[in-house]
Amino acid sequence: MTAHAGRGRPMLVAGGAWDTARRGLPVTVTALVILGAWQLVVRLFDVPSFILPAPTDIASALVDQLTTILSASRLTVSAVLLGLVSGSVAGILVALVVSRFHRISGPVLGVAVIVNCAPIVALAPIFNNWFGVTSLASKAGVAGVMVFFPVLVNTARGLLQVAPLHLELMESLAARPRQISLMLRLPNALPYLFNALKLGSTLAVIGVIVTEYFGGPSNALGVYIAQQASLPRFAEAWAGILVASLLGLAMFGVMSLLERLLMPWHESVHGGEA
Amino acid sequence: MPESPIIRIDGVTKQFNPGTDRSVTALADIDLTIAEGEFVSLLGPSGCGKSTLLRIMADLTPPTAGSVSLNGKSPATARRDRDYGMVFQQAGLFEWRSVQRNVELPLQVAGVAKQERRAKTAAMLDLVRLPEFARHFPWQLSGGMQQRVAIARALSADPKILFMDEPLGALDEMNREHLQGELLRIWSDTRTTVVFVTHSITEAVFLSSRIVVMSPRPGRIAASIDVDLPYPRTAETRTLPAFFDKITEVREALHGMTVAEDAA
Amino acid sequence: MTAMKNPPLAPTSSEGPSVTRAAGRTSAKAAALRSRLSTGAIGAVVLVLLAALWEGYKALGQATGDRLLGLRFPVATDDLSMPGVGAILGALVEPARRGTSTILGVYLLEEASVTLREAAYGLVAGSLLGLALAIVFLHLPPVSRGLMPWLVASQTVPLVAIAPMVVIWGGKAGLPPWVAVTGIAAYLAFFPVTINALRGLKSPPKVQTEFMRSVAAGRRQLLFWLRLPAALPYLFAGLRLAATASVVGAIVGELSAGTGRGIGRVILTFAYYYSNGPEKLYAAVLVAAVTGIVFVQVLNLLERFALRNRHTR
């Protein structure tokens with residue numbers, strides 16, 4: 001049923017624009033249908049705002065509160081970025097080291113997979129205690145730990161799971177270990193890494209906002225949402241949620257964009273069906 | 001033609017991507033009749049449309065033009081009536097089902113009661129000489145054994161016709177020759193009509209009662225050669241001068257058409 | 001070298017179904033057992049190392065007054081910031097509160113079982129929803145194209161942000177708090193199931209789908225006898241991710257659910273009364289971590305049982 005969607009994509013230049021439009025259409029239509037139905041249901045049945053404010057109410061609350069929300073977002077964004085960067089850098093470094101020593105890589109990754117099953121958000125109050133409730137480090141720390149494990153596991157897997165054929169080819173060319181790493185293992189690990197980064201970008205947002213929930217500077221996004229919801233000013237709370245969602249989406253989008261730029265050869269980029 | 005035709009193909013044409021600049025004519029105006037009980041091989045180089053022709057007969061691909069009748073019905077009806085069984089190049093067994101449950105799958109699809117299914121499955125496993133493997137799982141079987149299970153599966157619903165799409169193509173030479181012998185034995189036991197796609201001349205000569213030689217671009221029938229070597233054929237058959245003569249005849253038919261094509 | 005023997009089945013999946021499935025031929029079975037044993041051994045070593053590191057850092061800090069070469073330690077080492085390993089483990093066998101006879105470990109396990117139940121319900125509900133979505137997407141590609149980007153977006157919505165709202169909805173509808181918490185767990189659980197199940201449903205090779213067509217199998221037979229069994233290894237990979245996510249969802253949901261119970265609530269309380277007994281918070285976090293790990297391991301056992309007859313794919 002997907003035969004003509006996946007196969008034989010036209011390679012014409014004009015095809016690209018047409019394709020984008022055709023792909024974008026169902027997405028936009030779905031959004032409009034959902035938003036319209038939401039607005040209609042809220043207005044028709046007079047749904048009280050504690051259940052769901054109308055999209056227009058949320059939009060006007062967003063406009064009213066824009067400066068407050070944006071200043072709150074700035075702190076949250078910097079914590080998310082700091083956590084994402086530190087967690088993934090640490091994960092990549094450890095993966096590089098671990099993949100060098102085949103004897104320990106299996107068990108170490110096994111332990112990492114198991115630790116990754118633990119709800120790491122539970123560290124939030126401990127980190128708040130260690131690094132200070134109002135400090136950036138406690139928020140970024142939780143996000144960093146949450147990002148670290150998937151990045152470590154995926155990157156190491158990508159470094160290790162090289163096609164035997166490719167490995168034999170490199171060996172037949174008498175490539176040095178460093179060359180094998182650079183020319184074969186690293187490129188092979190990139191798709192694995194980006195999968196982890198995409199997952200990590202949303203995890204980092206969750207980690208920071210949960211940690212803020214355990215206490216944070218009054219002008220952080222997570223604190224703002226919780227306060228507005230308890231006041232109760234629901235349209236404002238939803239405006240905060242909207243911004244938080246956009247933040248998560250933007251992180252995800254940046255990662256996807258990076259993936260496209262760094263791996264133009266990969267099938268996920270030109271949407272081929274495997 | 002002896003006896004009544006069980007398969008009749010009239011003017012079948014197949015074009016891929018018709019009406020575009022990538023349009024390819026895979027089959028052009030094919031006429032073919034196959035009588036009940038025949039073992040017909042479709043032989044030709046890759047790209048001659050032999051697999052496509054088989055897939056059209058099996059209603060896995062629609063023809064662009066022309067008509068096919070199986071057992072007096074359209075391919076779609078014949079498929080729903082389970083008038084044919086199909087064996088592919090890969091065994092394609094379901095890895096979560098035991099050998100026995102793989103073989104009974106067509107019967108299960110047809111809604112046959114369990115007791116009857118089990119009896120039929122046992123008979124089929126006897127036929128392909130794998131009765132002791134009923135409870136094994138596919139991964140515990142060699143490639144040749146898997147293909148024998150696939151044959152048992154294709155035959156379990158007692159089809160009148162057996163379609164085989166390069167079924168031995170993925171096996172090594174030794175296994176291949178062994179299974180060719182087995183296949184002939186199964187054919188003579190069941191008296192099923194077999195349509196067999198291959199690109200191996202020796203395989204076609206050893207197995208078939210008739211070889212349909214096809215030429216590529218666009219796919220056409222170049223020759224139809226009766227193989228009058230007597231059955232049962234054994235390893236000894238492969239050493240007969242008549243066997244080699246037939247191989248030469250078929251090779252010339254294949255070769256002649258490439259020469260003719262170059263001249264044209 | 002062991003990892004390289006597993007072929008990269010689905011190279012783009014983060015938790016491909018390859019890792020735990022080395023069982024099969026005896027040599028592979030032995031190798032799998034050996035790797036599991038060494039994982040256990042390394043795990044124990046890691047635990048001991050962490051404890052030693054913790055105690056060593058603490059001892060160093062205590063000896064130097066939290067300063068080394070004029071630099072302050074990032075984390076203070078007094079008993080309030082870093083209770084000793086012995087104190088944390090000891091707290092587990094002491095009474096949970098003054099005046100009660102329940103010891104903390106039992107209390108924590110009770111609360112953790114509440115969380116686990118919410119997570120399990122959430123996992124079941126989320127997985128069923130996720131599987132249903134995958135089946136719909138398989139049969140209706142336009143719906144998939146329209147909805148899929150929004151599903152991805154739904155997962156980037158920080159669920160904590162919505163958690164208070166979900167709890168309010170549950171409250172107004174007169175439902176007990178655990179229902180809302182379960183809903184949040186399900187919200188986090190469904191997505192990995194959808195993605196992996198869809199990949200699995202599409203995984204049967206052409207030979208198998210064409211064989212089903214050649215025997216005139218109906219849509220339902222194709223789904224139940226081919227696509228779903230073929231999707232099982234992928235489904236379990238998704239379920240593992242979903243299980244972790246549902247525990248996180250349950251804990252986060254409990255934070256927002258005013259009067260509820262559960263390990264998340266306990267962590268919040270102990271964090272609030274931190275100075276009364278810092279080791280209690282650490283003990284609670286430890287139990288929460290173990291709970292999440294055990295939950296996923298149960299799923300792994302289930303998977304091993306369900307896929308016992310399959311070799312590698």
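This is a predicted model: local features need pLDDT of at least 70, side-chain atom pairs count only at pLDDT 80 or more; totals for chains, interfaces and linings use all residues.
Putting the two together buries about 410 Å². Carbon and sulfur atoms account for 55% of that area.

Now the charges. The rule finds 1 salt bridge across the interface of domain 1 and domain 2 of chain A. Which side chains meet in a salt bridge? A:Asp57 and A:Arg43 do, at 3.4 Å from N to O. The cut-off for that nitrogen–oxygen pair is within 4 Å, so 3.4 Å qualifies.

Next, helix H3 of chain A. It runs over residues 55–100, which is 46 residues. A:Asp57 falls in that range. At 1.5 Å a residue, a straight helix would reach 68 Å. The end C-alpha atoms of H3 are only 53 Å apart. Where does H3(A) bend? At A:Gln65, by about 70 degrees.

Last, the record. An unreviewed UniProt entry annotates "transmembrane region" on chain A at residues 25–45, 75–96, 108–128, 140–160, 192–214 and 237–258.

Residues 108–128 of chain A are 67% helix and 0% strand. Their end C-alpha atoms sit 28 Å apart.

Residues 237–258 of chain A are 100% helix and 0% strand. There, the end C-alpha atoms lie 32 Å apart.

How values were computed
Residues are numbered from 1 along each chain as its sequence is written. Chains are lettered from A and ligands numbered from 1 in the order in which they are written. Side-chain values use heavy atoms; hydrogens and water are left out. Helices (H or I, at least four residues) and strands (E, at least two) are DSSP runs, numbered from the N terminus. The expected span of a helix is 1.5 Å times one less than its number of residues. The bend at a residue is the angle between axes fitted to the seven residues ending there and the seven starting there. UniProt positions are given in the numbering used here, feature names are shortened, and annotations may be inferred rather than shown by experiment. Buried area is the accessible area (1.4 Å probe) that two parts lose on being put together, summed over both.
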